[in-house]
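User: I am new to reading protein models, and I would like to learn how to look at charged side chains, a ligand site and contacts. Could you take me through them one at a time?

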Amino acid sequence: MEIVICKTREEASKLAAKAIIDQVKAKPKSVLGLATGSTPVLMYKELGKAVKAKKVSFREVKSWNLDEYYGLAPTHDQSYRYFMNENLFKFIDINIKNTHVLNGLAKDPVKECKAYEAAIKRAGGIDLQVLGIGSDGHIAFNEPGTSLASRTSVVYLTPSTIKDNARLFFKGKMDEVPTRALSMGVGTICEAKKIILLAFGEGKQDAVKGMVEGGVSQFCTASALQMHPDAWVYCDEAAAKKLKLKYYYAWRSATKLGL
Ligand code: GLP
């Protein structure tokens, strides 16, 4: 696991965007795994700028998102499909038909999850997966206590995630946040060839510490990334504050990235 520590989230977002642009330039038919949340928004803006400046094209890219709230229609303004359309897809030249988000209204959610996994496999697997991290160390919606071998399935949110997400989505109304979601599993995520995880701000300090320097445990599902051969964490100084070896990680990753 490589830890890239930047002074600001702006700087980290630019570097992470560069990793995606490099991937798509090297393989125009890349399969991307995408994430929602406040964290990747700046990076998505950078991708929009790069497309506008004709530095990269997503015309042949296919994408699969991590998760979706169970019970929300794709048109619901708090759904993750809506979020992706508004924060990324309308700013890049991707063919919307090539973008995939789990259907929160699926009549048979188990079938929906199985079909989602099968479609990713048929596309050749995910080349690059983008992740954020929950304040309890979760990735996608894989809460503490979820098997690190889990596959795409219906999952149950913890009260702390419901609270965190009420702040961002749902205008603070806890009782309107769905308590279940459809989510890629940790095992599914770890099959991506490359992973980049973004973490910003003091609120992610404990999650980052657990992911990087804690043991590999289902208590912090992001810690599974320690076992991945090509996982990169892009964080700001605030999120990296509790890391014991932060100066070593910063030096090593800056050297590898030629910074
Ligand atoms: C939700 C999403 C995660 C995301 C997390 C953090 O739980 N399912 O994919 O990483 O929120 O969100 P934020 O980036 O807003 O802190």
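Analyst: What follows is a guided reading of this model, which is predicted.

User: Let us begin with charge: how many salt bridges does a search of the whole structure find, and what is the general idea behind them?

Analyst: The general idea is that side chains of opposite charge can pair when their charged atoms come close. In this structure, a search of the whole model finds 14 salt bridges. One of them is formed by R151 and E191, whose closest N and O atoms are 2.9 Å apart. R151 lies in the loop between strand 6 (128-131) and strand 7 (153-156), while E191 lies in the loop between helix 6 (186-189) and strand 9 (194-199), so the pair ties together parts that are 40 residues apart in sequence. R151 counts as partly exposed, at 32% relative accessibility, and E191 is also partly exposed, with a relative accessible area of 49%.

User: Which residue forms a salt bridge with K194, and where do the two partners sit?

Analyst: The partner of K194 is D230, and their closest N and O atoms are 4.0 Å apart. This pair links distant parts of the chain, since K194 is in strand 9 and D230 is in the loop between helix 7 (205-213) and strand 10 (231-236), 36 residues apart. D230 is partly exposed, with a relative accessible area of 27%.

User: What separates K209 and E213 in helix 7?

Analyst: K209 and E213 form a salt bridge in which the closest N and O atoms are 2.7 Å apart. The two residues are four residues apart in helix 7, and therefore they are separated by about one helical turn. K209 is partly exposed at 29% relative accessibility, and E213 is partly exposed with a relative accessible area of 25%. Elsewhere, salt bridges that share partners join E2, R252 and K256 into one network.

User: What about a charged residue with no salt bridge: is D67 buried or exposed, and what does D67 touch?

Analyst: D67, which is placed in strand 4 (residues 67-69), is buried and yet has no salt bridge, as the nearest side chain of opposite charge, that of R81, is 12 Å away. A polar atom of the D67 side chain does lie 3.5 Å from the backbone nitrogen of F141. Leaving out residues up to four places away in sequence, D67 touches several others, among them T36, Y80, V101 and F141.

User: Now for the ligand: which residues come nearest?

Analyst: Of the 13 residues around the ligand, S38, T39, D67, H138 and K204 come nearest. A polar side-chain atom of T39 lies 2.4 Å from an oxygen atom of the ligand, and a polar side-chain atom of K204 lies 2.6 Å from a ligand oxygen atom. For H138, an N or O atom in the side chain is 2.7 Å from an oxygen atom of the ligand. Taken alone, the ligand exposes 390 Å², and the protein buries 94% of that.

User: Finally, how far apart are V41 and N87 in sequence and in space?

Analyst: V41 and N87 are 46 residues apart in sequence, whereas in space they are 6.6 Å apart, taken from C-alpha to C-alpha. V41 is in helix 2 (residues 41-52), and V41 is buried because its relative accessible area, 17%, is under 20%. Not counting residues up to four places away in sequence, V41 touches F83 and N87.

How values were computed
Residues numbered from 1 in each chain as written. Predicted model: local features only at pLDDT ≥ 70, side-chain atom pairs only at ≥ 80, totals over all residues. Heavy atoms only, no water. Buried < 20%, exposed > 50% of the residue type's maximum accessible area, 1.4 Å probe, protein only. Lys, Arg positive; Asp, Glu negative; His and termini not counted. Polar contact = N/O pair within 3.5 Å; in protein donor to acceptor, adjacent residues only side chain to side chain. Contact = heavy atoms within 4.5 Å. Near = heavy atom within 4 Å. Areas by Shrake-Rupley, 256 points an atom, 1.4 Å probe, with all protein chains shown as cover.
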